[in-house]
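Here is a short report for a reader new to this structure. Please look over the sequence and the model first.

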Amino acid sequence: MAYRYFYSGNKGFTVAMLLIHMIKEYTGRFKFSLADSAITLLIAFASVMGNFEWKRIYWLAEMPQFIFLLLLSGLVILIFGNQKAGSIRLGVIDGLVILFFLYLISRSVIASYPESPSTRIYIPVATFIFYALIRTQCSNSIFTRSGNIIQGIIYLAVFQSIIGVFQACAFLPGYDRSSNAAGLFSNPALFGCFMALGSCLCLSVIFNAEYRKIKIIHLSLFLVIFAGILVSGSRTAWLSACFCCSFLSYIRYFQGKQRPEKKTILVILLSILVIAIAGIYYLYKIDTASVSGRWLIWKISWTMFRDYPIFGMGYGGFYTEYGNYQSTYFLAEPRAQQEILTASMNYYAFSEPLTILIEQGILGSLIFLFLIGRSIILLGKSSENSTEHFRLSSLSLISVLSLFSLFSYPLQDLFFTLLFALSLSYVATLESSVKPIVSLSLGRYWQVVSITLLLAIGWHSINVIQAIYNWKKAKGNILVSEGDALLGYNQAYKPLANNGSFLFNYGSELADLGQYRQASEVLGQAARYGNSVELHLQLGKVYKELGQLERSEASLLKASAMNPKLFLPLNNLMLFYINTGQKTKGKEIAKLIMEKPVKIPSDKIENIKKIAESYLIEL
C-alpha cells in the first residue's frame with residue numbers, strides 16, 4: 001500500500017501514510033516483543049526462586065512465589081485488558097488440562113476443610129494462569145512467535161550452565177556452600193534436569209534451522225549446556241538427556257521413512273536395552289545409598305496410597321504427611337540398620353507419577369496419564385515444515401520432564417511446572433488448529449471476569465508479601481523488643497495462617513518466651529501445613545511444660561522416628577525420661593544411643609554418646 005501512495009504524486013500525503021504504516025507495524029511488533037520478553041523474564045525469575053532457600057531464612061524462602069504470582073497477574077491483566085475481542089478454539093488437550101487443574105484444586109480444598117489449603121496450592125494456581133496466558137496468545141498465525149520464548153529458555157540454560165561450571169571449578173560457591181554444581185536452582189538434581197531440557201531444545205533448533213550459521217551457534221550453545229549436564233552429577237539428568245536426544249533424532253530423521261527390516265529393528269532394540277541396563281547398573285553403583293533411600297521412600301509411599309486410593313490426599317499431602325508415615329513405619333518394629341542409615345526427612349517422593357497417585361488418587365492419575373499420553377501421541381506424528389520446530393520443542397519439554405519425573409520431583413518446583421504448562425499449551429495449539437472441539441468467545445464479559453479474578457489474586461499476593469515483610473521485622477525485633485515483635489507476628493498471622501514455615505517460627509518464638517499454651521496451638525496448626533523433626537521436638541518441649549507428659553512423649557517419639565539416623569531426638573527423649581523419673585525407658589534409649597551406628601561423625605554426637613554412657617554408669 002505504501003508504494004501506491006508513493007506514486008500518487010502527493011509527497012506530503014505519501015510521507016504521512018508511510019509514517020502511519022511504519023508506526024502501526026512497529027507498534028504491533030513492539031507489543032508482541034514486550035509480551036514475549038515479559039514472559040521470558042518471568043520464567044527466568046522462576047528459575048532462580050529456589051536459590052533463596054539456600055539462605056536457610058524462613059521468610060526469604062516464602063516470598064518469591066507470591067512476588068511471581070503478583071507479577072504474573074499484573075502481566076496477564078495488561079495483556080487481556082488491551083486484547084481485542086475474539087475467540088479461541090479449544091481441543092481435547094485444553095479440556096483435560098482444565099479438568100485436571102479443577103480436580104487438583106477442588107480436591108485440595110476438600111481435603112483441608114475446614115482449614116484452608118497450604119500456600120503450596122499457589123504453585124498449580126500460578127501454573128494454570130500461565131497456561132491460559134500462553135494459550136490465548138497462541139493461534140495458527142503466530143506459531144513462529146513461540147520460538148522467541150524457546151530461544152529465551154535456551155539462553156537461560158546457557159547462563160545457568162556457566163554458573164554451574166564455575167561452581168564445579170570452585171570459582172563460585174556451589175550448592176549448600178560446597179563445590180556441587182546447582183546453578184541458581186535449589187539443588188543439583190533440578191539443575192541437571194534443566195540442563196537436559198536445554199540440550200534437547202538446542203538440538204530441536206539445530207534440526208530445523210535453515211541457515212548454517214544458526215546451526216553452528218546452537219551447536220556451540222549445546223556444548224556449553226552439555227558441560228552443565230556433566231558437572232550436575234545427576235544420573236537421572238544424564239539418562240534423560242541421552243534418551244530424549246536420541247528420541248528427537250529418530251523423530252526428525254527416521255519418521256515417515258521406509259521402515260527397516262524386522263531383524264534390524266530387533267537388533268537396535270536389543271542394543272538399546274543392553275546399553276540401558278548397563279548404564280543403569282553403573283549409575284546405581286556410583287551411589288547405592290541414594291538408590292536404597294528411594295526404595296525406602298517408595299515402600300512407605302505405597303502405604304500412603306493405600307489409605308487414600310481413589311481421590312488421594314490432596315495437593316501437598318505428601319509434603320505434609322510423609323514424615324508421619326515414616327515415623328509410624330520405624331516405630332512399628334525394629335528395622336534393618338541399612339534402612340535407618342539411608343532414611344531421612346523427605347518432602348518429595350522422588351517420582352512424580354507416585355506423588356500424583358498419592359495426592360490425586362486413581363481418578364486424578366488417570367486424567368493426568370491420558371493428558372500426557374495424548375500429548376506425546378500428537379507430537380509423535382509428523383507435521384508441516386512450518387510447525388516442525390514448534391512440535392520438536394514441545395516434544396523436548398514433555399519427554400525430558402516425563403522421563404526425569406520418574407525418578408525425581410521437577411513438578412514440585414514452580415519453574416518446571418511453567419515449562420510443563422508451556423509445552424502443553426503448544427500441544428493444545430497444534431491440536432486445536434486441526435481438530436477443535438469448541439470455539440470460545442473472548443468478549444468483554446470474559447475480560448471483566450478474568451481481570452476481576454486476577455485483581456483478587458494480585459491483591460491477595462500483595463497482602464501476603466506485606467505479611468511476610470512484617471514477619472521479617474518481627475523476627476529481627478524479637479531480641480530487642482518482645483512486644484513489638486509479637487505485634488508483628490500477630491499482624492502477619494491472618495494472611496500466613498496456612499504457611500507452615502511461618503507457623504513453626506511463630507510457635508517456636510512463643511515457646512521461647514514462655515507462652516506455652518498459645519505456642520501449642522500455633523505449633524499444632526503448623527503440623528497441618530508442614531512437618532519436621534524440629535517441629536515435633538518443639539511440641540515435645542511445650543507439652544512437657546504444660547504438664548501434658550503423654551503428648552510430650554508421643555511428639556518426641558515421633559521426632560526420633562521421622563529421621564531415625566539422628567541422635568538429637570533420641571537425646572531429647574532420653575532426657576525426658578530421666579527428668580520424669582522413667583528410668584527403665586531412659587535406660588533403653590541410652591543403650592540405643594550407644595549401639596546406634598554413626599553415619600557422619602561429629603563432636604555433638606560424641607557428647608550425646610558420653611551423656612548416655614554416663615547415665616548407664618550411674619544406673
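## Ser375 and its surroundings

Beyond its neighbours within four places in sequence, Ser375 is in contact (heavy atoms within 4.5 Å) with Ile93, Ile398, Leu424 and Val427. Ser375 is buried, at a relative accessible area of 0%. Buried means under 20% relative accessible area, with a 1.4 Å probe and protein chains only.

## Basis of the model

This is a predicted model: local features need pLDDT of at least 70, side-chain atom pairs count only at pLDDT 80 or more, and totals for chains, interfaces and linings use all residues. Residues are numbered from 1 along each chain as its sequence is written, and side-chain values use heavy atoms, leaving out hydrogens and water.

The chain's average pLDDT (the predictor's confidence in each residue, from 0 to 100) is 80. At least 70 is reached by 82% of the residues. Over residues 1–32, pLDDT stays under 50. The model has eight contacts beyond four places in sequence for that stretch.

## A bent helix

Ser375 belongs to helix H15, residues 352–380. Helices are DSSP runs (H or I, at least four residues), numbered from the N terminus. H15 bends by about 125 degrees at Gly361. That bend is the angle between axes fitted to the seven residues ending there and the seven starting there.

## The largest nonpolar core

The largest nonpolar core has 121 residues. Such a core joins buried Ala, Val, Leu, Ile, Met, Phe, Trp, Tyr and Cys residues through side-chain atoms within 4.5 Å. Phe194, Phe416 and Leu419 touch the most other members.

Definitions and conventions: Buried < 20%, exposed > 50% of the residue type's maximum accessible area, 1.4 Å probe, protein only. Helix = DSSP H or I, 4+ residues; strand = E, 2+ residues; numbered from the N terminus.
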